[in-house]
Structures are given as structure tokens and as C-alpha cells.
Amino acid sequence: MMHVQYMKPFYTKVTGEKLRLVFAYQYFSILKDEEIFHFIPIEGKEMIINLHTQQIENLSEVFVFQKGNRFIRLPLYQLLLITNVHEHLVPILEGATLKLPAPIHSSVPVNEIDQLMAEIEEKNFEYQIDRALLYRDEVLFYELLEQKNIQLGGFEN
């Protein structure tokens, strides 16, 4: 079995639910048969992790490690199976999870939200009519009035 001796991402970025870990020279090394192989970014160089499921999403990414003129090519899925890489990922994931924004839970009932949305849409419609009047856009003004009449159930003027 191989062991991860050192693993520190060169660059990390949280985007939405994804954590990107980018590795560079000297930031990742494995121990195989008492020899240290250092990561070289000639093929894959990043791990993409879904922070909610804690799963690596790019398991087919191939990481290459080198010692002298010898190379070890490992897809991420295999790296996870035959090394202790998960032990090194845990503290990184814990740090990234702390930076995630807390989910927004509204205490406002759904029917109140629907009512607020209807009011906002009405205000926006009135704003568009005012804007058409301000810019003397007669065509837009009558189109908006027609839409308003349809919404009100065929109001005739």
C-alpha cells in the first residue's frame, strides 16, 4: 500500500457547492516501498469535491508522481483506494465547509411570499408604464395597458 506523505493544495476555491483543490510541484507526495514520489502536474492537477455530499467528482483525473526517471500514474479513484489520501482531505474539507454560507431558512409563510411577489410584480408593471409615459413610448404604453387588461380579466376602457 502507498501512503500520502504530504498533501497541501497549492490553490483552493469554493464555488457554490464545489471545492476545487489544485496541486503543484512539491505540494503532494506519496511513499511507495520506502521511496518518496513527488506529484508533477503533467496530466491531472485538481480535485473537485462536492461539499454537500463530500464526494470527489472527477475520479478519472490522472495524477502523476515522479522519482528520478520513474513515474506512477494514478487515477483519483485508485489513489483513494490504495492510499490514505482521505486522511489528508478531512482537515481540508472541514476548513472549506466552515466557509460555506449557511442555508437561508425563511420564517415567512409561503402564502405571504406569494403575496409579496405579486405586489413586487405589480409595482414593476406600474414602473414600466411610468417609464413608457416618461419616454413618450406610445406603442409600449398601449402594449402594457393591453397586458394589464388581460391580467385583470378583460377590463374594457
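A contact here means heavy atoms within 4.5 Å. By that definition, residues 24 or more positions apart account for 51% of the contacts in the protein with a separation of 6 or more. Please keep in mind that the model is predicted.

**Overall layout**

The protein has nine strands and four helices, and along the sequence they follow the pattern β-β-β-β-β-β-β-β-β-α-α-α-α. Of its 157 residues, 30% count as buried. The accessible surface comes to about 11,200 Å², and carbon and sulfur atoms contribute 56% of that area.

**Salt bridges across the sequence**

Searching the whole structure turns up four salt bridges. Three of them are worth a visit, and they are set out below.

| Glu57 | Lys18 | 3.0 Å |

Take the salt bridge between Glu57 and Lys18. This pair links distant parts of the chain, 39 residues apart: Glu57 sits in the loop between E7 and E8, while Lys18 belongs to strand E3 (residues 18-22). Glu57 has a relative accessible area of 41% and is therefore partly exposed. Lys18, at 30% relative accessibility, also counts as partly exposed.

Is Glu46 buried or exposed? Buried means under 20% relative accessible area, and Glu46 has 18%, so this residue is buried.

Glu35 lies in strand E5 (residues 35-40) and Arg70 in strand E9 (residues 70-75), so the pair ties together parts that are 35 residues apart in sequence. Glu35 is partly exposed, with a relative accessible area of 25%, and Arg70 is partly exposed as well, with 38%.

Now for a feature of another kind. Which residues make the nonpolar surface patch of about 320 Å²? They are Leu59, Tyr77 and Leu81. Leu59 is found in the loop between strand E7 (55-56) and strand E8 (62-67). With a relative accessibility of 34%, Leu59 counts as partly exposed. The loop between E7 and E8 is also where Glu57 is found, so you can look at Leu59 and Glu57 on one visit to the model.

Definitions and conventions
Residues are numbered from 1 along each chain as its sequence is written. This is a predicted model: local features need pLDDT of at least 70, side-chain atom pairs count only at pLDDT 80 or more; totals for chains, interfaces and linings use all residues. Side-chain values use heavy atoms; hydrogens and water are left out. Patches are made of residues with over 30% relative accessible area and no salt bridge: like charges are joined within 9 Å, nonpolar side chains (Val, Leu, Ile, Met, Phe, Trp, Tyr) within 5 Å. Accessible areas come from the Shrake-Rupley method with a 1.4 Å probe; for residues, only the protein chains shown count as cover. A salt bridge is a side-chain nitrogen of Lys or Arg within 4 Å of a carboxyl oxygen of Asp or Glu. Helices (H or I, at least four residues) and strands (E, at least two) are DSSP runs, numbered from the N terminus. Buried means under 20% relative accessible area, exposed over 50%, partly exposed in between (1.4 Å probe, protein chains only).
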